[in-house]
Amino acid sequence: MSRLADKFAQLADQGRKALIPFITAGDPNPDFTVPMLHAMVKAGADIIELGVPFSDPMADGPVIQRASERALAHKMSLRKTLAMAMAFRRTDTTTPLVLMGYLNPIEAMGYADFANAAQRAEIDGVLSVDLPPEESEDCARLLKERGIDPIFLLAPNSGAERIRKMDAIGSGYLYYVSLKGVTGAGHLDTADVAAKLKTIKANTRLPIGIGFGVKDAGTAKTLSALGDGVVIGSALISKIEANLDDLPRAKTEIIELLTAMRSAMDNGERL
Amino acid sequence: MTNHYNMPDGRGHFGPYGGTFVAETLIPPIQELNAAYQQYLSDPGFIAELDADLQHYVGRPSPLYYAERWSRELGGAQIYLKREDLNHTGSHKINNTVGQALLAKRMGKTRIIAETGAGQHGVATATVAARLGLECVVYMGAVDVARQSLNVYRMKLLGATVVAVESGSQTLKDALNEALRDWVTHVDNTFYIIGTVAGPHPYPAMVRDFQAIIGREAKQQCLAATGKLPAALVACVGGGSNAMGLFHPFIDDAAVAMYGVEAAGDGIATGRHSAPLSAGRPGVLHGNRTYLMADDDGEIIATHSISAGLDYPGVGPEHAWLKDTGRAHYVSITDNEALAGFYALTRMEGIIPALESSHAMAYTMKLAPTMRPDQTIIVNLSGRGDKDMQTMAKREGIAL
C-alpha cells in the first residue's frame, strides 16, 4: 500500500480526519521550506501538499499567486522542489508528501524523467491542477508504475459520471474543490459541500480531501466532518505574507493555526 | 478526397497539440459549450442569423484590395490586401465575437468576459455585449491598459468594465489567467469569449471556424480578380486567429504557400520577442498544448513586442500542427521592420495598418520581390492603425 492509503486507513481506524497543509516550495525563500514542513508535521499535519511554483497559476487566488512569485524570485523550480522533498525525507520517512502544481514544469522535464525523479524523492502523490483525467493517461500511468498516486480534483459541478471517472483513474485521495472559484476565495457554503459529499461518497471509495475555502479552526472542523480530510493553503500562506520581515513569527503563527485546527478537528470527532 | 484536412480530432487534438488542459471546475462548462457549438454549427437558423449579422453589422464581405502602387514599387508578386481593417470596430476580431455572442445568447448566458491585449478583441466583445444587452467584463494587462488607452476608453463607452490586471508581466497572458479565474468563479451565468485560436477545446476550432469567413471570401475574391488561386498567404501571428481564419480554407490547396509572421521584438537573438513558433518549445498553457516561450524549468518567459496584440508567449495549437507538418511556414519580423511596414503601407497606399498587421506588411516587403509578377500574395490586413496613434506619436516625439 502507498503511504497515502496507509495514512487514510490508519486515520479511519482512529476515527480521525486528515489535516493537510499546503505551502509553496521556496516561499518566501528556499531556506524556509524544509524546516517548515517538519514543524507542520509536529503541529499535527497528516499529509503535506507542497506547491510547485509556476509563473501562471490560473486556478489560484492572489495569496498563492504571490507565493509563487516570491518563490520564483529565488529561482525556484520543479527540480529544486524535488530536492526539497528529498531533504524532507531524510528525517521523515512516514508523512505522505504530495506535489501540487501546474502541468508545464512537468512537460518541460518530460513525464518519464519527472516520474523517475519523483520516485527517487519518495513523493507519494502528484496533483496537477490543469491535467484533467481526459489528458492524463500517459502521466498517470507512469506515476502509478512507480507507486506514486495521481490525485485529481473534483468540483461542485462534477457529475456522478465524472466522479466515477476520477475513482477509476485516481488513487490516494480525491481533492474536492469546495467552491466554484480560485484558492482562498471567501464564499464557501457548507450546506452545499455536505450535499455534494453525499453524491461523491456514493460514487467513489477513495478518501476525500476538502479544500479551497478552509480558513480557520471552525471551517476545518466543519468540513473535515464531511469528508476524510481538509486542505489548508491560503490561510497559512497569509501568515507568511503578513510577516515577511519576521519569518520566525510567520512560522509560529502557522504552527498555532494548525494546532488549533488539529484540536478542533479531533475534538469535533469525539463530540 | 481521402486526404482532406479534417483537424482537430473529436477531443480537440491537432496531433500532439490542443486538448483540454483545464482545472476540473471548467470541464462542465467547456463540455456544455462544445455541445452547444456542435449543435448550432449545423443549425440553419443559427447560421442565417450569423450571416445576417456579418453582413449588416460587421459590414462583410470585406474587400480584397489590389495594392497596385505598392506591388509595382516592390517589383515582384501582385499584392492583395484582405481588408479586415474595414470591419466594424476596426479589426477581424468582431467576426468571432459576433459568433460567440450569438452562442452565448442561445445558451442563456447573461454575462460575458474576455481577455484582451491590444484591446481590439476587448472592443469587439464590448460591442457585441452592448448590442445584446449583456454584462461585460474585459481583463487587460496593466501595461496594455497604459499603451492602448484609446481602446480602454472605447470599451468603457460601450458599457464594459475594464479590469487592469496587475499580476505577472501585466500583459495578455496575465489577462487570460485572470479571465480564467473569473470564469471558474462565475461559471454558471458567464460565457468566456476567447479572442484567439487558443485555449481549451473547442475554442481553437470554434474561433477558427468563425474567422474562416476571411479565407472563404478571399479565395472567391482572388479567383474573381485574378482567375486563379494566390501563390502565397501572409498574416501576422500572435495567438493566430486572423492567420488561421485566412489559412484554413486554403489548407487543401497544396500550391498555396502560407506564411505566419511572428513578432521578433528586439530580435530573436536578444530573447526579447514574442515568437514561440520560431524560437519556443512545446508545452501546456491556458488549456492547450502548443509552442510556448518557456525556460528549461517550464516557467513562462516574459514576452516583448511593439504590438500589444502579438505580445503573448503561446500560439494557437493548430499553428503548432501546421508548423510541424510543414504545411505553413512561420517567420518573424522585428519591431523596427514592422515599423517600416507600417510606414510603407501608409505612404504607398494611404492605409494605416495596426502595428500587429504591420508585421505581415513587413514580411510581404521581403517576400514579394522574390516572386514573379504573375503570382499573387494575399496579405491579411487584420486591423487598422487608429488605436496605435499614441504609440506612434510617442515614438516620433510628438505630443498629441
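Me: Which residue of strand 13 of chain B stands opposite B:Ala263?

Reply: Strands here are DSSP runs of E with at least two residues, and helices are runs of H or I with at least four, both numbered from the N terminus. B:Ala263 stands opposite B:Ile333 in strand 13 of chain B. Strand 10 (residues 257–265) of chain B is joined to strand 13 of chain B by six bridges, and the two run parallel. The model is a predicted one, in which local features need pLDDT of at least 70, side-chain atom pairs count only at pLDDT 80 or more, and totals for chains, interfaces and linings use all residues. Residues are numbered from 1 along each chain as its sequence is written, chains are lettered from A and ligands numbered from 1 in the order in which they are written, and side-chain values use heavy atoms, with hydrogens and water left out.

Me: In what order do the six strands of the open sheet of chain B with mixed pairing lie?

Reply: Two strands count as paired if DSSP finds at least two bridges between them. The order of this open sheet of chain B is 3-4-14-9-10-13, and its pairing is mixed. Strand 3 (64–66) and strand 13 (329–334) of chain B form its edges, each pairing on one side only. On average, neighbouring strands of the sheet are turned by 30° against each other, direction ignored. Angles run from 0 to 180 degrees between N-to-C directions, with axes fitted as lines to C-alpha atoms, for helices over the stretch in contact. Helix 10 (residues 213–226) of chain B packs on this sheet and touches strand 3, strand 4 (78–83) and strand 14 (376–381) of chain B, its direction making about 140° with that of strand 4 of chain B. Contact here means heavy atoms within 4.5 Å. Helix 14 (residues 335–349) of chain B lies across strand 3, strand 4, strand 10, strand 13 and strand 14 of chain B, at about 85° to strand 13 of chain B.

Me: Which are the edge strands of the open sheet of four strands in chain B?

Reply: That sheet has the order 7-6-5-8 in chain B, and its pairing is parallel. The edges are strand 7 (161–165) and strand 8 (190–192) of chain B, each of which pairs on one side only. Its neighbouring strands are turned by 25° against each other on average, direction ignored. Strand 6 (residues 135–141) of chain B runs parallel to strand 7 of chain B and is joined to it by five bridges. B:Met140 has B:Ala164 of strand 7 of chain B as its bridge partner. Helix 8 (residues 172–185) of chain B lies across strand 5 (111–116), strand 6, strand 7 and strand 8 of chain B, running at about 160° to strand 5 of chain B.

Me: How much area do chain A and chain B bury between them?

Reply: Buried area is the accessible area (1.4 Å probe) that two parts lose on being put together, summed over both. Chain A and chain B bury about 2,900 Å², 47% of it on carbon and sulfur atoms. A:Met58, A:Glu135 and A:Lys180 supply 21% of the area that chain A buries against chain B, more than any other three residues. In terms of contact, 38 residues of chain A meet 37 residues of chain B.

Me: How many salt bridges are counted between chain A and chain B?

Reply: Side chains of opposite charge can pair when their charged atoms come close. A salt bridge requires a side-chain nitrogen of Lys or Arg within 4 Å of a carboxyl oxygen of Asp or Glu. Between chain A and chain B the count is five; over all chains it is 44. B:Lys173 and A:Asp56 meet in a salt bridge at 2.8 Å, N to O. A:Arg141 and A:Asp138 also meet in a salt bridge, at 3.8 Å, N to O. These two residues are separated by about one helical turn because they are three residues apart in helix 7 (residues 137–145) of chain A.

Me: Where in chain A is A:Pro28 placed?

Reply: Most residues other than glycine have a negative phi, and most peptide bonds are trans. A:Pro28 lies in the loop between strand 1 (18–24) and helix 2 (30–42) of chain A, and the peptide bond from A:Asp27 to A:Pro28 is cis, with omega near 0°. Another cis peptide bond joins B:Met7 and B:Pro8, with omega about 5°; B:Pro8 is in the segment before strand 1 (13–14) of chain B. A:Phe212, which is not a glycine, has a positive phi of about 90°. A:Phe212 is in the loop between strand 8 (208–211) and helix 10 (217–226) of chain A.
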